[in-house]
Every structure is written in structure tokens, then in C-alpha cells.
Amino acid sequence: MSDHINSRTARRQQKGTIQKKPNRKMPQGLFKKILMAIVLFGLAVLIGGASLFAYYASTAPDLDEELLKDPLTSNFLTKDGEVFLKFGTEKREFVPYDEIPEQMKNAILATEDIRFFKHGGVDFYRLGGAVLANFRSGFGSQGASTLTQQVIKNSFLKDEKTLKRKAQEAWLAHKLEKEYTKEEIFEMYFNKVLMSGNRYGFGTGASYFFGKKLNELELPEMAMLAGMPQYPNGYNPFKYPERAEKRRNIVLTLMNRHGKISTEEMEAAKKVPVTSTLLAEDERETFSKYPAYVDAVLDELEEAGYSDLLAEGVTVQTALDPKAQEAVEQAINDPSYYESEDMQAGMTVLDTKKGTIVALGGGRNYSGRNLNFAEQKRQPGSVIKPILAYGPAIEYLDWSTGQKVVDEPYKYKGMDKSINNADGRFLGTLTMRQALYYSRNVPAVKTFEKVGGKDAKAFASKLGLSYDEISAGNALGGGKAQFSTVEMAGAYAAFGNGGIYTKPHAVTKITLRDGKTVKNLRPDPVTAMKDSTAYMITDVLREVLTSYGTAEKAAISGMDVAGKTGTTNYSADTMREKNMKSHYVPDTWFTGYTTEYTISTWGGYADYKTPITTYDYGRHVPQNLFKAVMTSIASEPGEFVQPDSVEEAAIVKGSDPIVLASSFTSSSIVSNELFVRGTLPAKQAIPEKVSIPSPSKLSAQFDANSNSVVLNWNYKASKKYNSLGSPSFNVSVSIDGGAYQSITSTYDQQAVFSGTEYGKTYTFSVTATMGGYTSGSATATLSLAGSSSPEIDDPSVEEPDIDPEEPIEQPDQPDDTDDENDSGQNDSDNDGQDPSTNQGQDGQNNQDNQGNQNNQGNSGNSNNQGNQGQGNQGNQGQNQNTPSSDAPPEENN
């Protein structure tokens, strides 16, 4: 080894290759200067920090024993400044330190401050970890507050994450530790901390949630109480039992980790359902006045981080209108509206322009000790269609309300799943206006797909409705997304407010105890859509409350109201599992608005799988409640004013691209529609002389059971006639050679004639009309000889020359229903897997009744959309101006 080294060294010496590395040491003077600069900088930071801390500490309030031990009363004000609730000390049971069970102390310390008896008010060990977390995630991302600091914060300081507050908190915590014992400080925390609502202290919590004294509590109950101060209202086990149980189990884990309980004790306690030991609902305390509204106020204060201020004698200004609140409570508690004692409802009333919550209906006989149905979230059904389909189409695609949409057999793009309408029919060519107020499913999905999920999601987000993921099924109110009446009212208020959205809020400001410092909680209004979009949707939704739409029961005479119904449905699996009838549904909605108020109402059962089984006393609950409340509270709401950004024009219905109607266009196919200004199409001339094809192969079949005649015919027209719109058919009859009398006008290729008599001869005639032009006729004659079987003559038919081009599909006549068309077609089991499983329906989805409608208003009606027969479905001539009643058979008259 040495020889190797020596030889190598010798070689290097011989070659002169041995070199010394140059000495690159930093000059001693420069090193000293850098070191001195670092020291001076650190000293400056230290002195500056100490000075700032000293300044903040000098401005800290004095320790006040009254504030340390007793929360002060806070006042809640109505919109007019009247006190409606004094919130404070009457809900507190003081417990001295020596009466607090040891295990209760351990639960609190393990959760909040395990080193409480070792630090001097500030735990620098925990503080170091929090500082590192704050460097990683930003200041205020993680705290290290001790129980002493929490007492200080809850008693003297504002709940804000600022350096000033933290400095004052640390200084006052240090002073508190010097003036009081650990036991006294723990006692302050124990009795002062907010538990839920206006209840302070763990002793109050034990009585309120369990009806027990502290020394009667079991380990699971103590752990649940110990976990509540982090989120008092959010962990309320009466309202959020699953959330409360999860938090309780975290506390049990911490107790085990810190050696306060054994693993066996922890596991046994976790197995106890949190609901199993709660006080029975009828034994719980409640707010004496307006409990649902108070709930909303407390939730907002907690969300804003101001719950602790309630112990400091603050004044909370709300938007509560006592008159409106009492009207809501009176209506929602009226049993005559409901199909059963267990059916529930929730309601939110907003000021349309301000977005303030003026009243809230939490449910029937709501006490504040149960689920608040105004704030609970459920699938929206077809209430969502203006938000995810038609609103974005106007906003982003400049659609007119006369835009052509076709209701036809259709499947979701990229999926082998068909979309169905509630009535099982397809109405053919419609305007966007008709598709929305009839609440058809296929056009809604097609419109959503044209808009695109990205834009639909963005439009909804601007209205306060968030989607993690979005698909065409959401356009029918299905999927995992769920919303509350508060959120839905906020979204619709923007339509009534010219496109301006303000997040719904009950609290407008908080005035602190000094009477000068004000916390403004009023959200800023934002422009969610163009005023043209808002007005055009509103104009269509006006017709939802007419006999053409789905919410005639919500209409109020003399009041300009717009709104939309919505109904969800069960999956096929759930219906089979629960042996449900076809018309059973879980949720029913109505959201309507005037220029003054917006009201969103939901009806259903607390248990999602308990179905709504009736119509007038089930499906129509939201409409009836809306009408009752709006009638009671509305003063003189004005009319929605068409903005300059919108213009109106008469069009030929069904034309694509849209054709403006001319002076010779038949009124039967003219529709007055709205356009975004600047998008009006040029007027296109239609030839003065047009010969359109005639119907063919008219047949007349006598049905002795119903004493009626079923008429069927064929119709084919080539694409060159598309600009004239969809054909309608005029059906007439001549009896014993007399003058022809009109039976009906329909879009179908079938009709039913009722009231035949034996011994008479009937000649039927059918003509087609398109674009104001009428075709030749097809005829058929049927003779009823005496009381025997009828003699059917060979039909005398005028066979037109058929254009050889490809025929177009003929639409059905729109089915004018009263809240019975609205198919929410959603995934009501929330699995988000099958958007076409549920055909959520606004009412009339019971197809068993299609043969049972007894020719409503069938005589002599020549109205253009008039009276329609639906051959092969029994005696069903339906007048377009008379809503059909597709209720369950036992309710049909």
C-alpha cells in the first residue's frame, strides 16, 4: 500500500503535477460585516416586533371580571329596528369547578388544550407548530389558542385573524394567568363557551341535549359536548346527528391518544349512536318566537366567524319582516294543505331587489329543535331548467323565446339512455317558450347540450348554485347536486331583479357594545346575467302560471307573477323495492317571484323514501303555500318592465331559422316572441300561392264501448315545406248530409268523435294547414244502422300528389297540463349514475289514466291548439284551454 502511494507521489513529483489548491478564504473584514448586518437586522426585527407587541398590548382592553364570567345580552332587531329577541344569559347554567366531573375535564383538555396546567397562558410548544403551518398555508390557517386565550377572545376581543388581535390575546392571557388560578380560568371557559343557539356553558349543554346534570353524563355524551365549541351550531346533534357523531369520535380518539381513556373504553363509546341518548323531541327547549328565522341568523353569524360576539352585548340588525314571518308560519302550519300529518314543507321569502331574507318557514310547527326544511337541501327537479338550460341559451347563444326545439325520441349524447317525458308522449316542434312552460324534458336536455356543461355550470354558479360535476341529467334536476329553498329563492330573485344577484342573507350588520363599531354583513350585488336574459326568462315563466303551464294554482289575480314548478322521482329500483305506484314522488317545488318578493317552497317528507302520493293534497302543496303567503304579504308589486335590450316580433311558429310572420300568415301559427336586440331576423317573404299536400288514408273506426269514433289518417310533406312550420289538422263532421261542423284542431294524426247515435250517417273530413295555407281534404263515411253494428262505407278520399322527397315527422299536439308535464327525470337516489332512471314529474305522470278523460270540452272547438283526440287511448278528447287532470284513477272524475 505504502509502495503504491510512494510510487504515485514520486511520479507526480517527477512530472511536476502536484499542485496546491488556491486559498479562497473570504476576507475577514467582509465576513464580519455580513455577520454584523445579520445580527443588526435580527435585532431590529426583534426590537420592532417587541415595540409593536408593546404597542398592541398597551391598546388592549382591561380585564373585566363581569365580562370574564357572564355573557351579556345581545339584541336581535327586525328590519324596522324593533327588538324581537334578547339573546343572552337566561340560557346559562353556571357550574363551579369542583362540580365538574373529572372525565368531562379530561375530554375538554384532550380536545382543546392538553398542556393547560403546564403553560402560562400561551403554549409556545404548540405555537411553534402553528407558526410552521402558517408559513406553509398562510397566516391564520392554524391556531394554537389555549383555553386561557379562548376565554380572552370570547370576553374582550373581536374574532378576527390579525396580528393585533393575536398580540392582545397573548398579553391579556398572560395577565389573566397572573390574576386568576388555573381552576378559575377553566371554570370561566367551561361556563362561558357557546354550545349552540343562545345556550352557553357545558352545564347548559348537558341539560339541553340530554336532560341531565353533568354528573349523570356517560362518556359518549361528555365527548360529544367537548367537541361542540369548535362549531356550535354545525355540530348540533338534533339537526346534524351524523356530523355530531363524527366529531364526538374524534374527541374519543384524542382522549385515548393522551391517555385519558383506554382503547376498550374508546371503542365501546364509539359504538353508541349519538341519537340514542338525546332528549326526546317533545321535551326539548325552543326559542319562543320565530325559531326558523333565528336559526338562519345564528348560522350566518357562525359562518362569518362572529358567533362569539353574541356574548358581548352586541346588536344584530336583521331583515326580518314580522308580518311576512307570521304569514309564513300561519300558512305552513295549516293542516288543510297537506296529504298527511307527517308531510312537511319549507319556505324562504326574499326581498327580490335586496336579496334579504324577510321570512323563513322551517317546517310545520317548527320549534328550532328539529330539521329546518327551509335550509335542508334536496334535488330541485324541473325548477332548475331555466338555470341550466334556457337561461344560458339566451345568455350565451342569443336564443329567442321563439327558438325552435323538437320534442322527439332522444338519447343523451354519448349514452345509450333514452329521455322520457312524464306523459310518455313527444310533442314535436315547439318554441323554446312552449318547451319551458310545458316543462318538457327532451328539449331541456337538447338545450343544455347545445349550451355546453361549462357555460351552464358558470351560469348557475353566478346565481349561487354550485356544481362539482355537471352533466345533461342535471338539466332535469337530477344527479348529486341538491339545493335549499334559500338558495333557489336567491337564484330566481336575480331573474326578477334584472339579472342582479345578491346572496340571500338574514343579517345586514352587527353593532358592537361600544355603539360605534359596525360590522357590515351585507353581500355585494353582482351582475349574474344580462337584463335581456332575465326579462326573457321571466316573460316565459309568467305563462307557467296560466292554463297552458304547470302552476295555474299559484296564479294570483291582478298580480304579475312568474315562477316554475319542479318535481323529482324515485329510481326504478326504489319503486320496486318499496312497491310504489307510478305517480309516487319524493319532492315537489315551486319558486315564484314578483318585483317585490321571491318565494321558494318545497314539499315532501323528512324521510326521502316516504313518497308524496296525491295531487291536490301533495304535489300542489308548494303552489298553494306560495299563493297564500304572497297574497298576504304583497303590497302593490309592479309589473316586470321590458328593457331596451329586448324587442318583440311576430314569428311563424316552428320555423327554423326563425321566419317573421307576414300580413298573410295565418294567426293560428303566429307567435309573438322576444329577441335580444340586434338579433331579430330579416323578414322573409313567403310565396303568395302555395299548394300544400293533403291528408290521406283517413279511416273511421266505431268503438261501441265508448260510443265514439276513432279517426286516423296519414300525412307526408317534404322538407321544402319546413319553412311553413308544423302542420295542424282541422277535423269536421257532416251528419246525415248536413253542413260540416268543426270537431277539433290538432297536431296529431288522429282524433276521437264522441256522442254518436245509431241510425245516422257520419261523414268526416280532415284538412291540413301550414303557414296559413290549407290543403285539400280527406274524407271517410260511417253509417250506424239502427242498434246493430255500423256499416262502414269505403272512404271517399281525395288522394293528393305526394312529394317524393323524404317526409318529415309530424308532432303531437302540446299536452296542456296543470303541473303534470314537468318531468324532472333525475337520479333521485343521488348515486349520480343513471340520469335517465328517474322520470321526476311535476304532477301528471300516471299513465294509467290516459284512457279515462271523458272528452273534456270536446264539442265544437275550433281553437288552433284546441281540442285533441288521442286515438287508441280511450275517450280522451282534450281541450287545449282546459288543463287535463291526470291524477290517480281514484281521484279522477
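This is a predicted model: local features need pLDDT of at least 70, side-chain atom pairs count only at pLDDT 80 or more; totals for chains, interfaces and linings use all residues.

Tutor: Residues are numbered from 1 along each chain as its sequence is written, and side-chain values use heavy atoms, with hydrogens and water left out.

Student: What percentage of the residues in the protein chain is buried?
Tutor: Buried means under 20% relative accessible area, exposed over 50%, and partly exposed in between, with a 1.4 Å probe and protein chains only. The protein chain has 893 residues, with 23 helices and 32 strands; these are DSSP runs numbered from the N terminus, helices being H or I of at least four residues and strands E of at least two. The buried share of the residues is 57%.

Student: Among contacts between residues at least 6 apart in sequence, what percentage joins residues at least 24 apart?
Tutor: Contact means heavy atoms within 4.5 Å. For the protein chain, the share of such contacts joining residues at least 24 apart is 70%.

Student: At what angle do α15 and α20 pack?
Tutor: Axes are lines fitted to C-alpha atoms, for helices over the stretch in contact, and angles run from 0 to 180 degrees between N-to-C directions. In α15 (residues 385–397), Pro 386, Tyr 390, Gly 391, Ile 394 and Glu 395 meet Thr 533, Met 536, Ile 537 and Leu 541 of α20. The axes of α15 and α20 (residues 531–542) are 9 Å apart, and the packing angle is about 130°.

Student: Why are α15 and α20 described as they are, and which word applies to their orientation?
Tutor: Angles under 35 degrees count as roughly parallel, over 145 as roughly antiparallel, 65 to 115 as roughly perpendicular and the rest as oblique. Since α15 and α20 pack at about 130°, their orientation is therefore oblique.

Student: Is the crossing of α15 and α17 left-handed or right-handed?
Tutor: A crossing is left-handed if the near helix is turned anticlockwise from the far one by less than a right angle, and right-handed if clockwise. The axes of α15 and α17 (residues 441–451) are 9 Å apart at an angle of about 45°, which makes α15 oblique to α17. Whereas the crossing of α15 and α20 is right-handed, that of α15 and α17 is left-handed.

Student: How many residues of α10 are buried?
Tutor: Helix α10 runs through residues 219–227 and is mostly covered. Its cover includes α4 (102–112), β3 (194–196), α9 (202–210), α11 (241–257) and α12 (263–270). Of the nine residues of α10, the number buried is nine.

Student: Which residues of the largest nonpolar core touch the most other members?
Tutor: A nonpolar core is a set of buried Ala, Val, Leu, Ile, Met, Phe, Trp, Tyr and Cys residues joined through side-chain atoms within 4.5 Å. Beyond its neighbours within four places in sequence, Ile 387 is in contact with residues including Leu 463, Met 488 and Phe 495. Of the 91 residues in the largest core, those touching the most other members are Val 349, Ile 387, Leu 463, Met 488, Phe 495 and Leu 625.

Student: What distance separates the C-alpha atoms of Val 731 and Phe 764?
Tutor: Val 731 lies in strand β23 (residues 728–735) and is buried, with a relative accessible area of 1%. Its contacts beyond four places in sequence include Leu 711, Trp 713, Ser 765 and Val 766. Although Val 731 and Phe 764 are 33 residues apart along the chain, their C-alpha atoms are separated by 7.2 Å.

Student: Which residues does the cis peptide bond with omega of about 5° join?
Tutor: Most peptide bonds are trans. Pro 657 is placed in the loop between β19 (646–652) and β20 (670–676). The cis bond joins Asp 656 and Pro 657.

Student: Is Lys 697 buried or exposed?
Tutor: Lys 697 is placed in strand β21 (residues 696–703), and its phi is near 50°, a positive value in a residue other than glycine. Tyr 290 also has a phi near 50°, but Tyr 290 is buried at 5% relative accessible area. At 57% relative accessibility, Lys 697 counts as exposed.
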